[in-house]
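User: I want to learn how to read the features of a model like this one. Please take me through them one at a time.

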Amino acid sequence: MLRPCFKGCHNNGKPECHAPIFLWYTLNKKGYTGFKKKVQICLRNVLYLKDCLHAAGISAMLNEHSNTVVFEKHLDENFVCRWQLACQGNIAHVVVMHNVTIEKLDDFFDELVLPPVLVSNGHKNGGRDIMLGGNVHTTCLTVIEPDANEEFTEDKEAYVASVLACYKKTFLERTNYPVNMDFDYGTLEQLQHFYINNVGDPFVESNYGVHLRQFEEIEKNEYWGYITNCGTIGNLHGILVGREVFPDGILYASRDSHYSVFKAARMYRMKCMKVDTLVSGEIDSADFKVKLLANKDKPAIINVNIGTTVKGAVDDPEVVIKALEETRFTHDQFYIHCDGALFGLMMPFVKCALKVSFKKPIGSVSVYGHKWIGCPMPCGILMTRLEHINALSSNAEYLVSRDAMIMENRNGHVPIFLWYTLNKKGYKRFQKEVHICLRNAHYLKNCLLAAGISAMLNENSDMVVFERPLDEKFVRRWQSACQGNITHIVVMPNVTIEKLDDFFDELPPCIAGEIGSKNCFCTLHK
C-alpha cells in the first residue's frame, strides 16, 4: 500500500517498507512545534560547548545556525575513538544532536581538558596512552636457509646490500634522538674481527685474554668505575651502592627523574619518595626538605639529575647538600648518586655551568657514553668511591677476577671507541661542539617563539621544549619524545641549522587556516 509513494526506498536491492511508516509516525507524533523545540535545544547546547572550549583556551569554530562545533584534534587517539570524533587533518568536530544533553557535553569536556591517563598493559598510572599500533614493529626480515652446497651468491649479496642501504637511508633521516651520530670509526675496523669482552672487574686481571680493560682504568686510587652497557646500568649500580651503604635508606628522586631510577627502587624493594619539581624541571628544594623531615630517622639516598630526560633541567648538588644539612642530615647519613645522562659530559665544557666533583660529598656519578661522545652502540660510564665498592664485591673463582658489577660480560669494543674519540677531538674540539649546540638550540627556540609556538630552553641546555604537535606522523618521523602535552628537540652535534630549518618548515601549523584566525586560540592568534 505504501510502495507506490516511496519507490526510491530500498534495502539491499529490495524495497524498504518500514522506513516510510517510521518517518510518518515520528512526523505526526512530534509535529512542527516538537521539532522546532529540539532544534533550538541543539543550537543552545552547541553554543554552550563552543563557549566551554574557548574558555579553556581551545581553538574552536561554530558556523551560524549550525549544531557542529569544529575544534583542534585531540592528541589521544583512544579519546577520539571513544567519543567517535570525525577528524580531518588537525581538526575534529562534535555534532550536537537532540540526544546529546548538557550532562553528556560536560562529560566530554571534562575528559578533553583533564590530564591524559597512561594505560600500560591495562594499568593506569598517570600519563598518556601508549599507542601500541604506532609503536610496535609490524614487519620483520626473512631469513632464507641456503641449500646444503650453496655458496653466498652474488644475488644474496645484492639482496643484503639493498636491505642495508635502505636502513642507512632511514637512519640518516632520523637524527633527532639525543645521540651524537657525528663519528667515524673506520680506523678501528680491524678490531671488528675479534670478540672483545671486558669480563670482570676492570682493575683485576681475569682469565679471558681478549679484552681492553686497560682503556677503562683511572689513575687515582680512591675511585673505581667501569664502562657499562647502557646508561640505565649506571643508575642501577649507583643506587645499588647507596642501598648497600645504607640498607634501610630511603631513595629520594624528583618526579622528572629518568624512569630507570624508579625501576631501581622497585628492583631493590626500596622505599622511594618522589619530590616535586619546579616549572623548569629541577628539584623543588622546599618539598625535598619537607620529605626529609618526615623521614628523619632513616638515611637518605638521593638521585640528583644533571639534566632531566624531557626538560634538560639540572639539580644543583650544592642546593641538595644544603637542604640535607639544613634538615640535620650529617654526611654519614646520606648518599648522593648523580645521573649525568647527556649533560654530565657537556657541562665541563661550559664555563659558567655548575661542576660535579667528588670533592663534594657525592657517592657516585653515571653518564651516557654514546649520547655526547658518540658511539655505534649504547654505553655508559659509572664512577664511585673505591671505599664503597667493597660492600658489594666478591671473588669470582671461575673468572679469576672480582665480581663487582651488575653485568659481568661487557662490550670490549666500547672503551676503545670512546678512547679514540677523546684523543681525536680533545678538549677544545668538544668545547667548540658544545657551544655550537647551545647556539643552535637558542636559534630553534627563537624560531618557535617567533611563530607563536610556546617553547622553553633551560640555561646551558641543548634541549628545546615546546608544545606537542597535533600530527602524530610528524612526531614519529622526527622522533620527538613526548610527555603529556609537551615534546622536545635535543640539538646534538650532527643536528645542523639546515636540519633545524627542515624541522621547523615541516612543523604542522595551527588550525587558523581551517577554522579562521578569530577562532584560533594558539599563541599567535590569541
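Analyst: Start with charges over rings. A charge sits over a ring if NZ of Lys or CZ of Arg is within 6 Å of the ring centre and within 35 degrees of the ring normal. Here, lysine 296 lies over the face of phenylalanine 329, at 4.8 Å from the ring centre. The charged end of lysine 274 likewise sits over the ring of phenylalanine 262, 4.6 Å from its centre. Before we go on, note the ground rules. This is a predicted model, in which local features need pLDDT of at least 70 and side-chain atom pairs count only at pLDDT 80 or more, while totals for chains, interfaces and linings use all residues. Residues are numbered from 1 along each chain as its sequence is written, and side-chain values use heavy atoms, with hydrogens and water left out.

User: How do I read a sheet, and in what order do the strands around E4 stand?

Analyst: Strands (E, at least two residues) and helices (H or I, at least four) are DSSP runs, numbered from the N terminus. Two strands pair if DSSP finds at least two bridges between them. In this case four strands make an open, antiparallel sheet, ordered E3-E4-E6-E5. E3 and strand E5 (86-88) are at the edges with a single partner strand each, so one side of each has no neighbour in the sheet. The twist averages 25° from one strand to the next. Angles like this run from 0 to 180 degrees between N-to-C directions, with axes as lines fitted to C-alpha atoms, for helices over the stretch in contact.

User: How many bridges join E18 to E19, and how many join E19 to E21?

Analyst: E18 and strand E19 (residues 463-467) pair over three antiparallel bridges. Alanine 455 is opposite phenylalanine 466, and leucine 457 is opposite valine 464. The two strands form a hairpin with five residues between them; asparagine 460 in the turn has a positive phi of about 55°. E19 and E21 are joined by five bridges and run antiparallel. Glutamate 467 has isoleucine 486 as its bridge partner in E21.

User: Is E19 enclosed or open to the outside?

Analyst: Buried means under 20% relative accessible area, exposed over 50%, partly exposed in between (1.4 Å probe, protein chains only). Four of the five residues of E19 are buried, so the strand is largely enclosed by the rest of the structure. Phenylalanine 466 is buried, at 2% relative accessible area.

User: How many aromatic pairs are there?

Analyst: Rings of Phe, Tyr and Trp (its six-membered ring) pair if their centres lie within 6.5 Å; planes under 30 degrees apart count as stacked, over 60 as edge-to-face and the rest as tilted. The whole structure holds 14 aromatic pairs. In one of them, the rings of phenylalanine 466 and phenylalanine 503 have centres 5.9 Å apart and planes at 75°, so the pair is edge-to-face. Phenylalanine 466 lies in strand E19 and phenylalanine 503 in helix H14 (residues 497-506), so the pair ties together parts 37 residues apart in sequence. Phenylalanine 503 is buried, at 2% relative accessibility. Tryptophan 478 and phenylalanine 503 are also an edge-to-face pair, 5.3 Å centre to centre with 85° between the planes. Elsewhere, Phe71, Phe79, Trp83 and Phe108 form one aromatic cluster.

User: How many disulfides does the search find?

Analyst: A disulfide is a covalent bond between the sulfur atoms of two cysteines. The test is a pair of cysteine sulfur atoms within 2.5 Å. The search of the whole structure finds zero. Cysteine 42 is buried, with 10% relative accessible area, whereas cysteine 352 is exposed, with 61%.
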